[in-house]
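Trainee: I have a new model open and could use a guided tour. Can we take it piece by piece?

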Amino acid sequence: MTTVAAYAVPAAKAPLERTTIERRAVGEHDILIDIAFSGICHSDIHQAHEGWGEAIFPMVPGHEIAGIVAEVGPGVTRYAVGDRVGVGCLVDSCRTCENCKAGLEQYCTNGNVGTYNSIGKDGEPTYGGYAQTIVVDENYVLRIPEGIGLDEAAPLLCAGVTTYSPLRHWNAGPGKKVAVVGLGGLGHMAVKLAHALGAEVTVLSQSLRKREDGLKLGADHYHATSDPKTFEELAGTFDLILSTVSAPLDFAAYLRLLRTDGALVNVGAPEEPISLSLFSVMDGRKTLAGSGIGGIPETQEMLDFCAAHGLGAEIEVIRADQINEAYERVLASDVRYRFVIDVSTI
Ligand code: NAP
Ligand code: ZN
Ligand code: ZN
């Protein structure tokens, strides 16, 4: 075991504080990673606030991890000391169920092990990326291609794959009209990725405040959802709508923006349930679906896709003592477009 510095949430809703945690000794198939950068995902805030149900405290959040391999176990074959690597939302799964075998570890039917706020196979709580190091089984480690900075790569490990996976599954590409709801951490990656995949991209944001940015990121159109005219003008327009919004939305209003057979795919994880008339999907044979992060092979595919297309996240690098302030700014939708912690400041 090694003691390392970290930032932790001591109890639900409490501010983060500098502390120390223990990392396990490097096992046969483990990799020790010196973390360089760690992204702040809105999911970190939901969990720190215990908004999704009972959580484990103290909590060290962080599942957008980028760093350098510092040590490898004797059985490790795929990575060597000095490699540029990443860790996303998962650090283990059963490896034997149908979904694990298909590379869909995020849907492991026996329950996967989250990077934090989870219990590992050793029975100990897992601690995430707001820490100097992490020890992870090599099968749950990703390779960060040369050409993407570690800072702009970190958010790809969650925000990148969470949007890439549904865009690919629902065939975003040439000839398809895709709308992205919410231009935050996930939303801005969805715009970049959907544009790179060749789709015609529309941003639906609460206001026109970030319009110029949205167009620079690759959007073809930009509309404010605070303007009721948006919902009239765009009725029946989209093949695919991806909602990245962290709060409950009026899904009926967004379903009306779909063409016949269109799909509204939700990746936002609001803390409250929604209520919806089912006539919203019957009329026009529409689909309302959800999608959770991505599996290990698809996460690697996304990283390679980003490298090939010169894509990284738009980031604001912060010191560790600014995390609490960054949380407040994320909650106020004041993020352009992902906060990334410089872990050397922990
Ligand atoms: P974020 O950076 O805070 O972005 C969310 C965006 O939603 C905001 O920038 C804002 O965009 C919009 N928004 C916020 N409050 C709103 C409201 N009341 N009404 C309408 N729009 C609102 O958060 P994120 O890190 O991208 O995460 C977004 C959500 O996805 C979170 O709930 C997170 O937990 C979840 N998530 C899910 C997965 C998954 O596997 N499915 C993975 C990661 C994250 P505008 O200012 O442009 O309107
Ligand atoms: Zn996340
Ligand atoms: Zn499994």
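Mentor: Contact means heavy atoms within 4.5 Å. Helices (H or I, at least four residues) and strands (E, at least two) are DSSP runs, numbered from the N terminus. The model is predicted: local features need pLDDT of at least 70, side-chain atom pairs count only at pLDDT 80 or more, and totals for chains, interfaces and linings use all residues. Residues are numbered from 1 along each chain as its sequence is written, chains are lettered from A and ligands numbered from 1 in the order in which they are written, and side-chain values use heavy atoms, with hydrogens and water left out.

Trainee: Got it. What do the buried residues of H4 pack against?

Mentor: They pack against strand S10 (177–181), helix H5 (185–196), strand S13 (238–243), strand S14 (258–266), H10 and strand S17 (338–342).

Trainee: And how many residues of H4 are buried?

Mentor: Nine of its eleven residues are buried, so H4 is largely enclosed by the rest of the structure. Buried means under 20% relative accessible area, exposed means over 50%, and partly exposed is in between (1.4 Å probe, protein chains only). Among the buried ones are Gly160, Thr163, Tyr164 and Leu167.

Trainee: Let me pick Thr163. Where is Thr163 found?

Mentor: Thr163 is in helix H4, which covers residues 159–169. Its relative accessible area is 0%, so Thr163 counts as buried.

Trainee: Which residues is Thr163 in contact with, leaving aside neighbours within four places in sequence?

Mentor: Leu186, Met189, Ala190, Leu193 and Leu242. There is also a link inside the helix. A polar atom of the Thr163 side chain lies 3.0 Å from the backbone oxygen of Gly160.

Trainee: What comes after H4?

Mentor: Asn171 follows H4, and its phi is positive, near 60 degrees.

Trainee: Which residues does a cis peptide bond join?

Mentor: One joins Phe57 and Pro58, with omega about -5 degrees. Pro58 is in the loop between H1 and strand S4 (65–72). Another joins Arg336 and Tyr337, with omega about -10 degrees. Tyr337 is in the loop between helix H11 (323–331) and S17.

Trainee: Switching to the big picture. How is the protein divided?

Mentor: Into domain 1 (2–158 + 295–345) and domain 2 (160–290). Those bounds come from an automatic or database domain assignment. The C-alpha centres of the two domains lie 27 Å apart.

Trainee: How many residues are in contact between domain 1 and domain 2?

Mentor: 23 residues of domain 1 are in contact with 25 residues of domain 2. The area buried between them is about 2200 Å², and carbon and sulfur atoms give 55% of that. Buried area is the accessible area (1.4 Å probe) that two parts lose on being put together, summed over both.

Trainee: How many salt bridges are there between domain 1 and domain 2?

Mentor: Three. A salt bridge is a side-chain nitrogen of Lys or Arg within 4 Å of a carboxyl oxygen of Asp or Glu. Glu301 and Arg168 form a salt bridge through their side chains, at 3.3 Å, N to O.

Trainee: Which elements give two or more residues to the side of domain 1 that touches domain 2?

Mentor: Helix H1 (42–48) and helix H10 (296–308). H10 gives the largest share, six residues.

Trainee: Last one. Where is Glu22?

Mentor: In strand S2, residues 17–23. Glu22 is partly exposed, at 39% relative accessibility. Not counting residues up to four places away in sequence, Glu22 touches Met1, Thr2 and Thr3.

Notes:
A polar contact is a pair of N or O atoms within 3.5 Å; within protein, one must be able to donate a hydrogen and the other to accept it, and residues adjacent in sequence count only if both atoms are side-chain atoms.
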